[in-house]
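Q: Could we go through this model together, beginning with a single loop position and ending with the sheet?

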Amino acid sequence: CTRNCVDFRDCCGSGNGWGVSLHLSSCDAQEIELRTLRDKNLCIQVGTYCAEKLLGVCIRKKTGFCCYGTKIARLIQQQGRAQLGLGFGSPE
């Protein structure tokens, strides 16, 4: 999901921002689907990284998630990886 700086668009959280309010931008279908999966507690946040820089300043961040079909599948992955000392990899 994408989060633009200066609160232009936040598709990782509320789906709002001043760019969305003025109809200059919107979240895409994948980001809306991710929001639905996150609301159902089916996803694990992997991390956030800078997706775009302008003059050395990050202007767009992205957050990576791993999502599963059921809560039990998410729990097995989450707890199993923690016990084995394995991570979920890079957020990119």
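A: Let us begin with Asn-41, which lies in the loop between α2 and β2; bear in mind that the model is a predicted one.

Q: Where is His-23 placed, and is His-23 buried or exposed?
A: His-23 sits in the loop between α1 (18–21) and α2, and its phi, near 60°, is again positive in a residue other than glycine. Because exposed means over 50% relative accessible area, His-23, at 73% relative accessibility, counts as exposed.

Q: In which order do the strands of the sheet lie?
A: The three strands form an open sheet in the order β1-β3-β2, with antiparallel pairing. The edge strands, each of which pairs on one side only, are β1 (2–4) and β2 (43–54). On average, neighbouring strands are turned by 20° against each other, direction ignored.

Q: How many bridges join β2 to β3?
A: Ten bridges join β2 to the antiparallel strand β3 (residues 57–67), and one of the bridge pairs links Cys-43 with Cys-67 in β3. The hairpin of β2 and β3 has two residues between the strands, and there Leu-55 takes a positive phi near 55°.

Q: Which strands does helix α2 touch?
A: Helix α2 (residues 29–39) packs on the sheet and touches β1, β2 and β3, its direction making about 50° with that of β3.

Terms used: Residues are numbered from 1 along each chain as its sequence is written. This is a predicted model: local features need pLDDT of at least 70, side-chain atom pairs count only at pLDDT 80 or more; totals for chains, interfaces and linings use all residues. Side-chain values use heavy atoms; hydrogens and water are left out. Two strands pair if DSSP finds at least two bridges between them. Helices (H or I, at least four residues) and strands (E, at least two) are DSSP runs, numbered from the N terminus. Axes are lines fitted to C-alpha atoms, for helices over the stretch in contact, and angles run from 0 to 180 degrees between N-to-C directions. Contact means heavy atoms within 4.5 Å. Buried means under 20% relative accessible area, exposed over 50%, partly exposed in between (1.4 Å probe, protein chains only).
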